[in-house]
Every structure is written in C-alpha cells, then in structure tokens.
Amino acid sequence: MGEKLTKSDVEKIQKEIEYRKLVVRRDAIEAVKEARAQGDLSENFEYYAAKKDKNQNESRIRYLERMLKNAQIVSDQSKDDEVGINNIVELYMEDDDETETYRLVTSIRGSSLNGLISIDSPLGKAILRHKAGDRVYVKVNETIGYYVTIKSITNTQDDTDDKIRSF
C-alpha cells in the first residue's frame with residue numbers, strides 16, 4: 001500500500017508531473033545541448049551540471065508517477081464536529097501545560113516545524129475522528145505516550161497553501 005493521498009494531492013502531483021515533462025524537461029534537454037556544443041566534454045562542468053539537472057528531473061517524474069500508481073485515495077471530508085484531514089486543531093498538551101495548534105494533513109504534506117501534522121504520525125492517528133473536548137492518548141511506542149485534549153476544531157477544505165514535499 002502506498003501513500004495516503006486526497007484527490008487534491010493527486011491533482012497537484014499530476015500538475016507537477018505535467019509541468020516537469022512539458023517545461024522542465026524541455027529546458028533541461030536544451031541546456032545539455034548548449035553545454036555539449038561548447039566542445040571537449042571531459043572538462044566541461046556545464047555539461048555535467050546540465051546532465052545532473054536533467055537526470056534529477058527525470059527521477060522526480062518517475063518518483064511522482066510511482067507514488068500515484070501505488071496511492072491510496074482518502075477522503076478529506078469530515079463531520080463538522082470531528083477532526084479530519086485539512087482541519088486546524090487546537091490541542092492542550094497536558095505534559096507541557098501548553099496549547100498548540102496544528103493542521104492535520106496527508107503524509108506527503110507533513111511538516112511539524114510548520115504546524116502540519118501527518119495523519120500517519122502518532123499524534124495524527126490519535127486525534128483523527130475525535131471531537132472537541134475529547135482527551136486522547138497518543139501512543140509514541142510500546143512504553144511511551146502522553147495525553148492531549150482537543151480544545152477546538154476549525155474545518156477548512158482550503159489546501160491551496162500546502163506544498164507537496166520533495167524527497
């Protein structure tokens with residue numbers, strides 16, 4: 001089973017693949033041709049840099065196509081009163097006596113430093129489908145865990161600011 005993706009994720013990946021095939025690939029091929037035309041390839045840094053860029057683009061295309069082929073499509077729809085994908089959640093962290101705000105996203109968008117928590121992370125798994133006011137145990141591993149309380153849920157389906165992570 002592959003990555004869990006929403007329909008929006010799939011659309012963004014397809015757009016990136018199309019852009020890379022139609023624009024980036026053409027530019028990369030042209031850069032290789034220009035560098036090759038400069039003569040001796042044995043000491044031609046521009047040629048090797050252009051080839052490297054072209055190969056990285058092709059690798060990214062293959063990676064994204066493989067991701068789509070193996071993807072599991074998940075719904076980003078949720079009830080108004082429960083935590084779902086793209087919802088902003090305010091959590092009270094009991095151990096730290098602090099309140100933190102996160103947005104629950106698919107794993108390819110996860111970025112804890114930016115407040116984006118993956119549905120596949122321990123915290124994301126624990127709070128998914130719970131309601132405001134619920135006290136939830138977050139199991140980190142077999143022996144470690146902690147409690148959080150869901151203070152509020154803001155439903156939002158607007159994911160235009162989210163970026164698909166490059167690997």
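Trainee: Which residues have the most contacts inside the largest nonpolar core?

Mentor: Before answering, note that this is a predicted model, in which local features need pLDDT of at least 70 and side-chain atom pairs count only at pLDDT 80 or more, while totals for chains, interfaces and linings use all residues. Residues are numbered from 1 along each chain as its sequence is written, and side-chain values use heavy atoms, with hydrogens and water left out. A nonpolar core is a set of buried Ala, Val, Leu, Ile, Met, Phe, Trp, Tyr and Cys residues joined through side-chain atoms within 4.5 Å, where buried means under 20% relative accessible area, exposed over 50% and partly exposed in between (1.4 Å probe, protein chains only). The largest such core has 18 residues, and those with the most contacts inside it are Val-83, Leu-91, Leu-123, Ile-127, Val-148 and Ile-150.

Trainee: Which elements give two or more residues to this core?

Mentor: Helices (H or I, at least four residues) and strands (E, at least two) are DSSP runs, numbered from the N terminus. On that basis, the elements that give two or more residues are strand 3 (88-93), strand 4 (98-105), helix 3 (122-127), strand 6 (135-139) and strand 7 (145-154).

Trainee: With which residues is Ile-127 in contact, leaving aside its neighbours within four places in sequence?

Mentor: Contact here means heavy atoms within 4.5 Å. With those sequence neighbours left aside, the partners of Ile-127 are Val-83, Val-89, Leu-91, Leu-104, Val-136, Val-148 and Ile-150.

Trainee: How far apart are the end C-alpha atoms of helix 2?

Mentor: The expected span of a helix is 1.5 Å times one less than its number of residues. The 25 residues of helix 2 (residues 45-69) should therefore span 36 Å, and this agrees with the separation of its end C-alpha atoms, which is 36 Å.

Trainee: Against which elements do the buried residues of helix 2 pack?

Mentor: Among the buried residues of helix 2 are Asn-57 and Ile-61. Taken together, the buried residues of helix 2 pack against strand 1 (4-5) and helix 1 (7-36).

Trainee: Is Asn-86 buried or exposed?

Mentor: Asn-86 is found in the loop between strand 2 (72-73) and strand 3, and its phi is near 75 degrees, a positive value in a residue other than glycine. Most residues other than glycine have a negative phi. With a relative accessible area of 1%, Asn-86 is buried.

Trainee: What is the relative accessible area of Arg-129?

Mentor: Arg-129 lies in the loop between helix 3 and strand 6, with a positive phi near 70 degrees. Arg-129 is partly exposed, and its relative accessible area is 39%.
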